[in-house]
Amino acid sequence: MPVVKVLTAGIGEADLRDIKVYRKRGGYNQLARAFEEMKPADVQALCDKSGLRGRGGAGFPTGKKWSFLPPSVRPRYLVCNCDEAEPGTFKDRMLLEQTPHMVLEGILLGAYAIESHHAFIYIRGEFKRGYEIFMEALAQAREAGFVGKNLFGSGYDLEVTVHRGAGAYICGEETAMLNSIEGKRGEPRLKPPFPAVQGLYGKPTVVNNVETLMYLVPILERGPEWFASVGTERSKGYKVVSISGHVQKPGNYEVPLGTPVRELIEIAGGLRPGRKLMAIQPGGGSSACIFEEQLDLPYDYESLQKAGTMLGSGAVVVMDDTTDIVRAAFNLVRFFAHESCGQCTPCREGGYWLERVLHRFLENRGLKSDIDMLARVSHEITGINLCPLGDSIEPFLASVLKRFPEQFEARVARETIRA
């Protein structure tokens, strides 16, 4: 099986929350090396050469994202996105709770690479234990001289601020997150201007995911060629994949990108005895399903996009033949409708009405015409909102409407009730 231990090395074996244990395993060595031997541009170059792409969902090349910062504008900020709330995703929570010093080292390396003197980490409000663990790790690192003034005698000052969310899924969107940090309502901003030009407090800002920043540590340690040699031509390196649903060993598994979906299910113990596969969401609640005939698809950005779905943040949700597809569709649409910030009319109104229609189906009161309406409305509210939340309603719903129309038809009211 292609399971590896890079970011997950030592988890379950050592107390990586203790800075002494982390340092004994080589922790903070790459941070010291960066400040003592490298310039920020050198760290950027290594990241770019490695082919590292964002692990939060979009998969945008990290080095290229950094390059959009205007060269002459200061101050600039780095924000680490730990507002993990995508249905099916739980990798960042594990990393925050189990290896917080590597999270912090990645943040510090990323901030140094873009010449930022102030980094932020935005932690999902429900991650109370993770927040407490990270705060303790930050205090330990500060006492050791890894955060604050004149790091490693370089004259470089670098501060880290921890900001807790309050439970809003929408704040995982980068501009809504910036508004939240500024004390404003968590709503997405109109783009352009993009955060790299005008972000936090109106200054150039880079927002990177927890996993993305953590990979900077092994990339510096082992070299960009090591990272780029794994995966596919355009999807390089490793990925922590959250596998859940109807498998025997759900959990987080670190694998090379390009691993076939079939092997991911086998890694998680396979289906439950006597069950058959119905569908798989390869990229969490926002992704369209793939099916049994697509199990040999490589798990990488391009292959899944070509198949009409996405890798997203790396959440594989497996559904066997016991799944009530109508109820699953209702639960997801209800989630997205509830989490809409209400700023955009298509998302606010469309999500609400789709939820109501699906609720009718659950009560066996659906109409035959509702099936076509579900597909039409979910498509019509896609691509016309300020952020991707409104677009997240369509993929799963459209894919199961097409694949399992009989489950929806079985819940159509047998008689028309007249007022």
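**Close-up 1. Cysteines without disulfides.** The predicted model holds zero disulfides, a disulfide being a pair of cysteine sulfur atoms within 2.5 Å. From the sulfur of Cys347, the closest cysteine sulfur is that of Cys387, at 6.6 Å, which is too far for a bond. For Cys387, the nearest cysteine sulfur belongs to Cys341, 6.4 Å away, and Cys387 is in no disulfide. Cys347 is buried at a relative accessible area of 7%, and Cys387 is buried at 12% (buried: under 20% relative accessible area; exposed: over 50%; partly exposed: in between; 1.4 Å probe, protein chains only).

This is a predicted model, in which local features need pLDDT of at least 70 and side-chain atom pairs count only at pLDDT 80 or more, while totals for chains, interfaces and linings use all residues. Residues are numbered from 1 along each chain as its sequence is written, and side-chain values use heavy atoms, with hydrogens and water left out.

**Close-up 2. The largest nonpolar core.** This core has 62 residues, and Tyr28, Leu104, Ile107, Ile121, Phe134 and Tyr215 touch the most other members (nonpolar core: buried Ala, Val, Leu, Ile, Met, Phe, Trp, Tyr and Cys residues joined through side-chain atoms within 4.5 Å). Helix H6, residues 100-113, supplies the largest share, nine residues (helices: DSSP runs of H or I, at least four residues, numbered from the N terminus). Apart from this core lies another of 49 residues, including Cys347 and Leu362.

Close-up 3. Beyond four places in sequence, the contacts of Tyr28 include His101, Leu104 and Phe146 (contact: heavy atoms within 4.5 Å). Glu97, in helix H5 (residues 91-98), counts as buried at 15% relative accessibility. Leaving aside neighbours within four places in sequence, Glu97 contacts Arg17, Arg129, Gly130 and Ile133.

Note on methods. Helix = DSSP H or I, 4+ residues; strand = E, 2+ residues; numbered from the N terminus.
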